[in-house]
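Trainee: I've got a structure to look at, and I'd like to know where the labels come from. Can we go through a few together?

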Amino acid sequence: MKKKIFGIFIVLLSIAMLVGCGTSESSSSDSGDGDADSGSNDVETYQVATDANFQPFEYKNPETGDMEGFDIELLRAIAEEAGFEVEFNTMEFDGLLGSMRTGKHDIGVAGISITDDRKEEIDFSDKYYDSGLILAVPQDSDIGSIEDIDGHAVGSRQGSTSEEYLKENTNADVNSFPEIVTAYQDLIAGRLDAVLYDLPNVQYYIKENAPDKLKTVGDILEGQPYGIAFPKGSELVEPVNDALATLKENGTYAEIYEKWFGTEPPQE
């Protein structure tokens, strides 16, 4: 009898040890420490430097506090296609370019024009939007083109290609602002005679905020494409370019473009 009881005890002890081992194994797999079983924990999250007020490309929704805009939605789609995640950090445009030069952030997106000077210090993706510069003036202004602004107070954004253009090609009294919205507001208030800035943003601001107060004049200047920026030597350039190409091929890019600009993207 004692032998039988002892035998049953051994069997029960063995089963308990097997169950215990099984539980330990499952916990280890769910912890995400192993390469094979870590799942979403392996997805890399990259820090993105962006602007908080460059409509319709990127801006903070005043009601929700969320970042929205063409650039934001496009970069999220690129990240999903390339298999990584992004976290947006807003800052002034000058600081954004500086963060790319120092490598403080992994990616920069804010309607950044691809220029030869910038390419010496930072890397760019393939172009994703064609832009240019345009003058905005009051409705009753006598300024008709860039040739008329010498001696006038003209606004632009700090660190932008429009600021560079004004300083290198005109004798205007250049007033540069961390946020371009301030320049538009000063133009409406009569503290500036004109504003030179990126065509889509100028058009969007006038349409949404000052259709009866401001207008655009003259030719589109310095046609330059926008690119996604990276610190020099970044390994993200190639996967981002591959993802961007895929989005253009499968129609996702066109859907996002039409949502934010109301028209189909131009044929390349």
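Trainee: Which helices each supply at least two residues of the negative patch?

Mentor: Those are α4 (116–119) and α5 (161–169). Helices here are DSSP runs of H or I with at least four residues, strands are E runs of at least two, and both are numbered from the N terminus. Keep in mind that this is a predicted model, where local features need pLDDT of at least 70, side-chain atom pairs count only at pLDDT 80 or more, and totals for chains, interfaces and linings use all residues. Residues are numbered from 1 along each chain as its sequence is written, and side-chain values use heavy atoms, with hydrogens and water left out.

Trainee: Why is Glu 120 called exposed?

Mentor: Exposed means over 50% relative accessible area, buried means under 20%, and partly exposed is in between (1.4 Å probe, protein chains only). Glu 120 has 63%, so it's exposed. You'll find Glu 120 in the loop between α4 and β7 (122–124).

Trainee: And what makes Thr 115 buried?

Mentor: Its relative accessible area is 12%, so Thr 115 counts as buried. Thr 115 sits in the loop between β6 (107–109) and α4.

Trainee: Which residues is Thr 115 in contact with, leaving aside neighbours within four places in sequence?

Mentor: Thr 161 and Gln 224. Contact means heavy atoms within 4.5 Å.

Trainee: How do you know whether Asn 169 is exposed, partly exposed or buried?

Mentor: Asn 169, which is in helix α5, has a relative accessible area of 48%, so it's partly exposed.
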